[in-house]
Every structure is written in structure tokens, then in C-alpha cells.
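Hello,

Here is the structure we talked about handing over. Please have a look, then read my notes below.

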Amino acid sequence: MEKKQVVIIGAGISGLVACKYCLSKGFDPIVFESDGDIGGVWAKTIRTTKLQTFKGMYQFSDFPWPSSVIDDYPTQDQVLSYLRSYATHFDLMKHIRFHSGVKEIDFHGESSHMWSHWNGINGTFPQGKWKVTVETSQSQTPSTKVYEADFVILCVGRFKDVPNIPSFTHDTSPEVFHGKVIHSMDYSAMDHERAKQFVKGKRVVVVGFQKQGLDIAMECSSENGPENPCTIVYRKDRWKMSDFSPWGIPLQYLYLNRFSELMVHKPGEGFLLGMLATLLSPLRWGISKLVETHIKKNLPLAKFNMVPERSFSNDMRSCLLAAMPKDFFNRVETGRIHLQKSPGFGFYKDGIVVDGGNKQIQTDIVILATGFKGIHKLKNIFTSQDFRHFIAVSPDSRVSLYRECIQPRIPQLAVIGFSESFSNLFTSEIRCRWVVELLDGGFKLPSIEEMEKDISNWDDYMKKSSGEYYQRSCITALDIWYNDQLCKDMGWNPRRKKGFWADLFQPYGPMDYANP
């Protein structure tokens with residue numbers, strides 16, 4: 001029997017595991033990667049970047065970290081080396097086409113408008129085909145080729161390629177500024193020596209206070225000291241972790257076990273689970289306050305008017321947590337880093353204006369750590385306007401996927417790694433296993449109506465749990481509940497621990513899913 005062609009777009013973490021599990025089922029995967037290396041965001045990042053998830057939660061279920069990596073939060077080089085070792089161990093590199101950017105994908109087959117069931121894979125492949133247009137840029141004269149695929153797995157990620165640039169009025173746009181304005185993506189793409197020289201001896205403003213903004217500010221302050229302080233401009237305070245063991249209790253025992261999930265209302269829950277979540281809500285509030293008091297004890301948030309308005313649990317469920325660099329507040333106190341909270345900002349010829357235009361900050365460089373337009377990138381890979389609409393109705397909506405993998409009205413296609421969790425590697429792996437089991441005929445999907453109802457339930461949950469950040473599709477604090485659904489679909493026992501108490505109170509991690 002002829003092997004079916006699966007095209008995987010992107011050779012980051014999701015693309016690697018998708019390739020590995022496709023091979024395990026006898027499919028013929030080809031991976032297109034626009035860059036010259038694997039690793040996705042880990043291939044081009046800031047020198048000081050470290051993993052912000054405990055490495056035991058951020059590993060492949062069948063390929064643990066080497067014993068030589070001692071630190072619980074490995075460096076960027078160590079993470080990239082780990083991913084390369086994985087690709088080598090499972091002989092994935094020969095399936096990857098580097099410097100091959102996918103420009104568009106176009107489905108040739110029946111219309112989806114009248115479907116009652118997903119026109120995907122339920123034991124056999126249907127007659128439709130994807131046309132995948134690929135531009136290869138390794139040579140001086142780029143070439144374009146169209147490939148055919150029976151199935152496409154999009155692993156394009158949401159944190160690269162298309163920067164989110166704030167909008168400005170004409171007289172406060174970057175064009176009026178006499179210095180340099182770049183996005184954090186451009187800074188990350190520089191080699192480490194070039195990045196160092198770019199900021200050395202310069203006054204730098206970093207706009208954004210999440211993981212990447214923090215790392216850039218730390219690098220700039222290391223190079224320049226108080227003579228040329230780095231200013232961080234940000235809109236809202238967010239909880240930053242001083243460590244991941246509040247009051248000596250590892251965070252995963254507070255938020256990543258079954259008992260912790262009993263305190264949270266879940267999409268599609270029954271009456272008893274809903275009542276239990278309501279009864280346990282005071283305990284959920286108490287745990288959040290316990291973590292908050294630990295953070296406030298270790299970090300001088302009150303001193304700098306940085307205590308967040310939202311609870312720790314809300315930030316956790318919105319995937320907004322970040323680790324605070326150990327030396328950060330020392331640098332603030334010694335004048336190497338300045339903090340400026342402002343609802344917005346604009347430019348003038350010598351720098352930026354904040355606080356509604358009432359304050360000017362002179363600077364030489366502005367680095368926009370303002371995130372990415374991941375949904376824009378995902379939608380625009382489709383030639384079909386209908387498929388673009390199915391992916392996301394508007395720029396403010398979240399990507400509507402069944403099991404965070406399948407769009408019910410887009411045939412023969414999966415999206416992996418687009419929604420977030422406490423450990424994106426862990427979550428991407430089990431999703432890839434689910435998709436490949438589906439391709440291999442291991443289970444069948446429900447009707448489109450049922451899938452869309454399930455998507456709606458998750459939409460409602462994420463709007464309540466994440467508020468304005470629901471677009472991130474964060475499943476943190478319901479990771480086990482979510483994984484249970486995938487396990488049940490695949491015919492696995494969702495209870496992965498031995499014994500009732502262990503299953504209730506011990507954290508779940510990648511190694512619990514090593515075997516079906």
C-alpha cells in the first residue's frame with residue numbers, strides 16, 4: 001500500500017514530534033522549515049534566555065533530558081541541543097527541508113459547507129488534496145514548487161514571524177523619531193555579539209514586560225549600567241515568579257494535579273463537578289493568596305507600585321506568568337533599569353512620550369517587545385477565504401479548534417502548538433499522538449455539530465478564566481482534564497498514576513504518558 005503524504009509546516013517542537021509520530025505509524029512526512037535550523041523560537045533567541053518551566057515538565061515522554069543538564073531551568077543553548085539530540089535520535093533530519101517557506105496552502109476537494117461530519121481521516125484518506133506552495137531561498141535565486149499532500153499539519157507557532165506593532169497617530173508614529181525602532185523579533189535574530197554591540201553605550205527603551213521584554217532589559221542593563229539606563233515601558237502589572245516553589249511547595253502540587261482541577265469549573269462539566277468546584281472555590285482563592293504572599297515577600301512589588309490587580313490564579317490560567325530575573329530589582333534600585341507604567345506611548349523626535357503625552361523619555365533605541373500576530377499568520381497561509389474565516393472570525397477571536405487540534409470545517413488538516421499551556425512541549429506531544437492516531441484510524445470524530453458545541457464550551461470557559469486574554473487559548477490549570485479527553489478518544493486509560501491518592505495529589509507530567 002502506498003504511503004500517504006503528510007506535509008508538516010514548521011520544524012519547531014510541534015513539527016518535530018509530529019514528524020516522529022507520523023513515522024511511527026508508517027506515514028511519509030515531509031517538513032518544511034523556513035529557517036536553516038530546527039527549534040522554532042529556540043533557534044533564534046536572546047543570549048540570556050532560559051527555560052521558564054521546570055525541565056521535568058518540559059521534556060519528551062520517550063526522550064528525557066541528559067544527566068549532564070543539571071540546572072532545573074536550562075539555558076537556550078541547552079534547550080536547542082536537547083531538541084537537536086531528539087531529532088538525531090529519531091532520525092528526523094532527513095525529512096526536513098530547510099530554507100523552505102510555505103507561501104500558501106490550497107485545498108482541492110469537496111466544499112465543506114454542507115458537511116455533517118469532518119471530511120478528514122476515519123481509517124482511510126478521502127480524495128481531496130492540499131496544494132502546498134513552497135519557496136526555497138537557500139540559493140541566490142529562490143525557486144517555487146507546488147507539492148501535493150494528503151494531510152497537512154500546521155506547526156507554525158504563534159510567537160514568531162509576524163510582529164505585533166502598536167498603532168500610532170501620524171504625529172506620534174516611529175517615523176518622527178530620529179533614533180532606531182526595532183521589534184524584539186529582530187533583536188533575537190541578531191547573533192549575540194551583534195546584539196551586544198547594537199545596544200552598547202545607547203539609551204534603550206523596551207516596550208513590554210513579559211518574558212522577552214525582561215530578557216532584553218536585563219541584557220541592555222548588563223552592557224550599559226546606570227550611565228545609560230534601560231527603561232521598561234509597560235501597561236499592566238503581572239505576577240512574576242521569584243521561584244517556582246512558593247513557601248517551599250512546588251507550584252505543580254498547587255496547580256498541576258487532579259485535586260487542584262477539582263476547584264475549577266470545566267467546559268462541559270456535569271452537575272456534581274460543577275457543585276464541587278463551587279464548594280472548593282474558597283480553597284482556590286486561598287491557594288492563590290498563598291502564592292501571592294510568597295511573591296510579595298520575596299519581591300519588592302509594593303515598593304515600586306507593581307502589585308497586580310488580577311489574582312495569581314487568573315494570570316496562571318491566562319498563561320501570563322514569567323520568572324523574574326534574580327538581579328532585576330537590584331538593577332532598578334541602582335538605576336540601571338527604570339520602570340515606567342503607562343497605558344500607551346508615542347514617539348517624538350528625541351524619544352518617546354508616555355503618560356498621555358505628559359512625560360518625555362529621551363532615548364536612542366526603542367525595542368518593541370509587544371508580541372506577535374500569530375492568528376494573522378495562521379489565517380493568511382490559506383488561499384480560501386472560507387477557511388480563513390473558520391480559523392478565526394475576527395482578529396479578536398481565538399482560533400476555534402476541536403481538542404485544540406482540528407477545525408471541523410477544514411478537511412485533512414490539523415493545527416498543533418497554537419494554544420498555550422504550562423508546558424507547551426508536553427502539550428504538543430500528546431496532541432501529535434492524538435492527531436496521528438486519528439490519521440491511522442484509531443478512532444472517529446463526532447459530528448461537526450458536536451465538535452462545534454465542544455469548541456463553544458471551551459470558548460466560554462476561556463472567556464471566563466482568561467478575560468481579555470482568552471485569545472491565547474490557555475489550558476493551564478485544566479491540563480489534566482484536557483489530556484483526559486485526548487486519552488479517552490485514543491482508547492487510553494486517562495488515570496496514569498498507581499493508586500487513588502497518587503492520582504489525586506501527584507502532579508502529572510510527560511513521563512506519565514510515555515506508554516498508551
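Predicted model: local features only at pLDDT ≥ 70, side-chain atom pairs only at ≥ 80, totals over all residues.

First, the helices. Helix H1 spans residues 13-24, and helix H2 spans residues 76-89. Their axes lie 11 Å apart, at an angle of about 15°. Angles under 35 degrees count as roughly parallel, so H1 and H2 are roughly parallel to each other. The crossing of H1 past H2 is left-handed. On the H1 side, the contact uses Ile13, Leu16, Val17 and Lys20. On the H2 side, Leu83, Tyr86 and Ala87 meet them. By class, this contact has six nonpolar residues, one charged and no polar.

Now the cysteines. The count comes to one disulfide. It joins cysteine 319 to cysteine 474, with 2.1 Å from S to S. The link of cysteine 319 and cysteine 474 is right-handed, with 75° about the S-S bond. Cysteine 319 sits in the loop between helix H10 (312-317) and strand E12 (322-323), and cysteine 474 in the loop between helix H15 (448-466) and helix H16 (479-490), so the pair ties together parts 155 residues apart in sequence. Both cysteine 319 and cysteine 474 are buried.

Two other cysteines deserve a line each. Cysteine 230 is in no disulfide; its nearest cysteine sulfur belongs to cysteine 220, 4.6 Å away. Cysteine 230 is buried, at 1% relative accessible area. Cysteine 487 is in no disulfide either; the nearest cysteine sulfur, from cysteine 405, is 13 Å away. Cysteine 487 is also buried, at 0% relative accessibility.

Best wishes

Note on methods. Residues numbered from 1 in each chain as written. Heavy atoms only, no water. Axes fitted to C-alpha atoms, helices over the stretch in contact; angles between N-to-C directions. Helix = DSSP H or I, 4+ residues; strand = E, 2+ residues; numbered from the N terminus. Parallel < 35°, antiparallel > 145°, perpendicular 65-115°, else oblique. Left-handed = near helix turned anticlockwise from the far one by under 90°. Contact = heavy atoms within 4.5 Å. Nonpolar A, V, L, I, M, F, W, Y, C, P; charged D, E, K, R; others polar. Disulfide = S-S within 2.5 Å. Buried < 20%, exposed > 50% of the residue type's maximum accessible area, 1.4 Å probe, protein only.
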